[in-house]
Structure formats: C-alpha cells, structure tokens
Amino acid sequence: AMTFSLFLPDHEPGEKLPLLWFLSGLTCTHANVTEKGEFREACARHRIAFVAPDTSPRGEDVPDDAEGAYDFGLGAGFYVDATEARFAKHYRMRSYIEQELPEFLASEFPLDMEQQAITGHSMGGHGALTIGLRNPGRFRSVSAFSPIVSPLNCPWGHKALAGYLGDDRTNWADYDACALITGGARLPDLLVDQGGADAFLEEQLKTHLLEEACAAAGQNATIRMQPGYDHSYYFISTFMADHIGWHAERLK
C-alpha cells in the first residue's frame with residue numbers, strides 16, 4: 001500500500017490539468033511538502049495539479065536499515081528499483097514513479113498526461129533529474145531544489161546504491177544525473193536552486209559536478225546558488241512559486 005497527495009486546483013467541467021510532480025527527500029513522506037511546501041496559491045493561479053508521492057514503501061513487512069539509519073531503508077528509497085534480494089520485492093520506487101502511479105493518476109483524475117513537469121528536493125531532486133533524463137519526451141521541464149547530483153560520488157549515494165543494487169558500479173549509472181548527461185541523455189530545460197549555506201553541499205550534493213557535466217555536454221541549465229539558505233523547507237517554500245511559474249511557462 002502506498003500513499004500520495006494530490007492537489008487539484010479549481011477547473012472547468014471536462015478540463016484536464018497539467019501535472020507537476022514533487023519528489024521528496026530523505027526521511028520525508030508525501031506530507032512534508034503538502035504541509036510546508038507553499039505550492040497551492042501558485043498552482044491554483046497557473047491551474048496546475050501537484051502530486052507528491054512517498055519516498056519509499058511502508059509496512060511491517062518492508063525491510064529497513066539494520067541499524068535504523070535515516071539514509072537507507074524506510075523513507076530513503078532513492079527512486080531506484082532494487083535488485084539485492086532483501087530489498088527487491090518492495091523497493092520498486094523507479095517503477096512506481098515512472099509507471100504505476102502515472103497510470104493510476106491518468107485513470108482516476110482529470111489530468112493531461114501530455115503536459116507533465118517534475119521537480120524534487122535533495123534525494124527527490126536526484127529522483128527528478130534521473131527520471132527526467134531516463135524518460136525523454138515525458139516531461140516538458142525539470143527542476144530541483146538542492147539535488148544529490150551524483151550518487152556515484154557521495155556517501156549517501158554509495159550507501160544507497162550499493163545496498164539496493166549491489167557493489168557493481170556499472171549498475172549505478174542509471175541513477176546518477178551527471179553520468180546520464182555525460183552519456184548523452186538530455187532534458188528540455190533545467191532549473192536548479194541550491195542554498196549556499198546548505199550543510200550538505202560540499203560532501204553530499206556537490207552542485208559543481210552538475211554544472212560541469214551540463215557545460216561539457218551543452219545541456220541547457222539554469223543553476224542558481226542562493227546565498228544564506230540552508231537545506232530546509234524554509235528554503236524550498238521561498239522559491240517554490242518561482243519554480244511553479246517557470247514550469248507553467250513550459251507546460252503552456
């Protein structure tokens with residue numbers, strides 16, 4: 001069983017709304033952005049639906065980190081399809097976001113699935129970037145707040161990808177935005193905001209690697225360092241309306 005949040009602005013009978021995905025970060029559920037994301041006014045003004053999935057499977061039979069760490073297991077699905085035996089049954093977040101949930105949304109709600117955009121925060125920023133890069137043509141635009149840009153090159157990524165996929169690093173490249181861009185994948189447009197006072201910037205997020213990959217590959221990208229902002233939802237909520245407006249221009 002999975003839980004997600006969907007905001008549907010007022011709309012005319014028969015109208016189908018464009019859809020913006022928001023993928024959350026480590027330790028979060030669908031509720032974090034729903035309660036603190038400050039997206040409703042902007043989504044209502046631009047008539048854009050906003051969907052917020054959970055970050056991992058849940059339930060008593062779902063395996064967790066053996067030591068209960070926050071950066072692996074429950075709340076830390078990393079938007080991968082796990083192949084390691086202990087996690088392969090439940091940790092199918094890539095398939096859930098790319099296939100299962102879109103099919104359900106399209107069947108149950110008045111959404112224009114030809115008009116989709118995606119964004120996310122931290123681990124969810126990693127998810128937004130990699131899902132966008134792996135699915136050319138699905139998303140009109142991609143953005144991120146403080147994304148993990150290269151799990152191949154940070155401790156969070158090493159732990160998650162080894163734990164879910166095994167030690168063969170050749171199996172990790174599909175889940176690394178910088179590797180995907182270097183390998184030829186492209187986005188129609190990219191916006192990234194990163195807090196300059198983010199405690200995770202140097203060790204985990206490494207925004208400069210994305211800047212370098214985009215520059216080398218000729219990928220159009222607007223990557224903004226925001227001085228004084230940290231990794232919190234105060235940062236996300238400050239720039240959320242700006243991101244929604246940016247996506248709205250590309251969705252319409």
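In which sense do strand 5 and strand 6 pair, and over how many bridges? They pair in the parallel sense, over four bridges. Two strands count as paired if DSSP finds at least two bridges between them.

This is a predicted model, in which local features need pLDDT of at least 70, side-chain atom pairs count only at pLDDT 80 or more, and totals for chains, interfaces and linings use all residues. Residues are numbered from 1 along each chain as its sequence is written, and side-chain values use heavy atoms, with hydrogens and water left out.

**Whole chain.** Show the protein chain as a cartoon: there are 10 helices and seven strands. Helices (H or I, at least four residues) and strands (E, at least two) are DSSP runs, numbered from the N terminus. The radius of gyration is 17 Å, close to the 18 Å of the globule rule for 252 residues, so the chain is as compact as a globular protein of that length. That radius is taken over C-alpha atoms, and the rule is 2.2 Å times the number of residues to the power 0.38. Of the 252 residues, 56% are buried, meaning under 20% relative accessible area with a 1.4 Å probe, protein chains only.

Select the seven strands; they form an open sheet in the order 1-3-2-4-5-6-7, with mixed pairing. At the edges are strand 1 (4-7) and strand 7 (222-226), each pairing on one side only. From one strand to the next the twist averages 20 degrees.

**Strands 2 and 4.** Select residues 17-23 and 111-120: these are strand 2 and strand 4, which run parallel and are joined by six bridges. Leu-23 is opposite Gly-120 of strand 4.

**Strand 6.** Next select 190-195, which is strand 6. Six of its six residues are buried. Leu-190, Val-192 and Gln-194 lie on one side, with Leu-191, Asp-193 and Gly-195 on the other. Leu-191 is the bridge partner of Ser-143. Towards strand 7, strand 6 pairs in the parallel sense over five bridges, and Gly-195 has Gln-226 as its bridge partner there.

Contact means heavy atoms within 4.5 Å. Axes are lines fitted to C-alpha atoms, for helices over the stretch in contact, and angles run from 0 to 180 degrees between N-to-C directions.

Methods: Buried means under 20% relative accessible area, exposed over 50%, partly exposed in between (1.4 Å probe, protein chains only).
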